[in-house]
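Here is a short tour for anyone meeting this protein for the first time. Please keep the sequence and the structure at hand as you read.

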Amino acid sequence: MKFLLPSALLIASASLMHAGVIETLSIDLSPLHAGSVLQGSVTLASPPMPGDSTPIALSFTDPADYSPTSLMGTLMFGNGIGPNITFRFSTLTFTNLANSATVILLVKAPAQCVVGPSNPLGVPCQATGLWQDHDPQRTSGTYSVTAADVPEPGYGMLPGVVGMGFVVGRRVRARMRTTTTP
């Protein structure tokens, strides 16, 4: 018990130092409504590799213009030209309430991040791709994917958590001594 609580707190605080990647998808819907964007973000534990995919919740900046007001999609990662990585989204279907038209968003050209010696996993990255409405195309536009490192918490937190573990451990030991002695 003497080292159990401080050790558990030390291990728990070490897990706070784990960094990941934030992937943000922004689909510019200005061809449908000026200034309209469908967007969402997802945090991944590690940089994506070609063949990976992840669900992503998307919402409209102007939900009164669309139905439903939010969508679930999939962000997919693939092989680009050379070692580069591509970003696609799954087909998204919604209604444009201005004209009651069904919109079917498809990726026309995937967004692509450059992977190289200075950026081996494609993070950080900002890439732009093209979408189209229906096939054959009725209208088209651009989308962007931004990959950024998750900011790590300050290392000053670690000593505080460890110190707190020792204080709590001492109090528990003191309480156990007072309850066991007559």
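F94 touches L29, L32, L38, F60, Y66, S67, P68, L71, A101, T102, V103 and L105, leaving aside residues up to four places away in sequence; a contact here means heavy atoms within 4.5 Å. This is a predicted model, where local features need pLDDT of at least 70 and side-chain atom pairs count only at pLDDT 80 or more, while totals for chains, interfaces and linings use all residues. Residues are numbered from 1 along each chain as its sequence is written, and side-chain values use heavy atoms, with hydrogens and water left out.

F94 is also among the residues with the most contacts inside the largest nonpolar core, which has 33 residues. Such a core is a set of buried Ala, Val, Leu, Ile, Met, Phe, Trp, Tyr and Cys residues joined through side-chain atoms within 4.5 Å.

The C-alpha atoms of A101 and Y66 are separated by 9.9 Å.

Now for the strands, which are DSSP runs of E with at least two residues, numbered from the N terminus. A101 lies in strand 8. Two strands pair if DSSP finds at least two bridges between them.

| Strand | Residues |
|---|---|
| Strand 8 | residues 101-109 |
| Strand 10 | residues 125-133 |
| Strand 11 | residues 139-149 |

Strands 10 and 11 are joined by 9 bridges.

How values were computed
Helices (H or I, at least four residues) and strands (E, at least two) are DSSP runs, numbered from the N terminus. Buried means under 20% relative accessible area, exposed over 50%, partly exposed in between (1.4 Å probe, protein chains only).
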